[in-house]
Amino acid sequence: MSTVIWHDLECGSYTEDLPLWRAFADECGDPILEVGAGTGRVALELARGGHEVMALDLDGELLAALEQRGAGLDVRTTRADARAFELDGGFALCLVPMQTIQLLGGPSGRAEFLRRARAHLRDGGILAAALADGMEPFEVGPGLPAPLPDICEIDGVVYSSTPIAVIDDGDAFVLERRRETVTADGTRSCSQNTVRLDRIAAPQLEREATAIGLRPLERRRVNATDEYVGSEVVVLRA
Ligand SMILES: C[S@@+](CC[C@H](N)C(=O)[O-])C[C@H]1O[C@@H](n2cnc3c(N)ncnc32)[C@H](O)[C@@H]1O
């Protein structure tokens with residue numbers, strides 16, 4: 001349950017990229033595969049627009065929430081690793097929003113994913129993957145103000161997630177967040193959450209994709225918002 005709450009809190013309110021994914025879906029048609037779909041921020045948006053969507057994620061709890069929210073829509077889920085999945089059907093479109101392609105463990109993990117994606121796209125199908133653009137290292141030192149937290153209240157418990165650092169770790173950026181809960185009786189708990197994003201630029205991803213038979217098309221952009229970095233979206237044709 002708390003996995004879903006933190007995921008929704010940290011990712012669920014992002015909307016800047018939705019027009020782009022809707023445009024791809026309308027151009028390419030169905031079926032659509034979303035890789036790293038989480039609780040369905042994108043998958044449900046597309047399914048509500050009448051599309052047939054397969055939502056893939058490693059995390060069964062997130063997918064269970066997605067299924068519940070998608071009742072009555074043409075959305076199915078599959079619990080699988082993006083680097084080793086096997087599904088039926090040739091997809092017209094494979095989307096990888098919100099930097100999920102930077103969570104695959106570097107070049108070898110990406111190559112495995114690209115091969116699986118290529119094998120699941122019909123000829124002429126499109127793979128579109130968002131890469132974080134403009135990540136700047138920072139660290140909230142003692143006494144310095146942190147960025148504003150994301151906050152929600154559910155069943156009397158307040159959840160707060162604050163980005164406290166982006167650390168340049170050579171071949172990756174490490175994003176650190178402080179997660180705090182306060183219950184109705186005032187009990188507080190605090191933990192640290194860390195996400196490691198592979199450092200990869202669009203030309204490198206395009207070279208890796210070309211090596212396994214995907215053809216780069218014109219890149220697209222998602223602008224930065226006050227809360228989220230922008231994205232460069234690599235677009236590849238099978
Ligand atoms: C940043 S979230 C993006 C969620 C959703 N696509 C969105 O845009 O709101 C990344 C998602 O990728 C999933 N994920 C991470 N590594 C994965 C892997 N190897 N295979 C499948 N899913 C993975 C996580 O469980 C998480 O739901």
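**Salt bridges**

A: The structure holds 19 salt bridges, each defined as a side-chain nitrogen of Lys or Arg within 4 Å of a carboxyl oxygen of Asp or Glu. This is a predicted model, in which local features need pLDDT of at least 70 and side-chain atom pairs count only at pLDDT 80 or more, while totals for chains, interfaces and linings use all residues. Residues are numbered from 1 along each chain as its sequence is written, and side-chain values use heavy atoms, with hydrogens and water left out.

One of the salt bridges joins E10 and R179, at 2.9 Å from N to O. E10 belongs to helix α1 (residues 2-11) and R179 to strand β9 (residues 172-182), 169 residues apart; helices (H or I, at least four residues) and strands (E, at least two) are DSSP runs, numbered from the N terminus. E10 counts as buried at 6% relative accessibility, and R179 is buried too, at 16%. Here buried means under 20% relative accessible area, exposed over 50% and partly exposed in between, with a 1.4 Å probe and protein chains only. E10 and R179 also belong to a salt-bridge network with R177.

Another pair is E45 with R22, whose closest N and O atoms are 2.4 Å apart. This pair links helix α3 (residues 41-48), which holds E45, to helix α2 (residues 18-28), which holds R22, across 23 residues. E45 is partly exposed at 21%, and R22 is partly exposed at 34%.

R116 and E86 form a further salt bridge, at 3.0 Å from N to O. R116 lies in helix α5 and E86 in the loop between β3 (75-79) and β4 (91-96), so the pair ties together parts 30 residues apart in sequence. E86 counts as exposed, at 66% relative accessibility.
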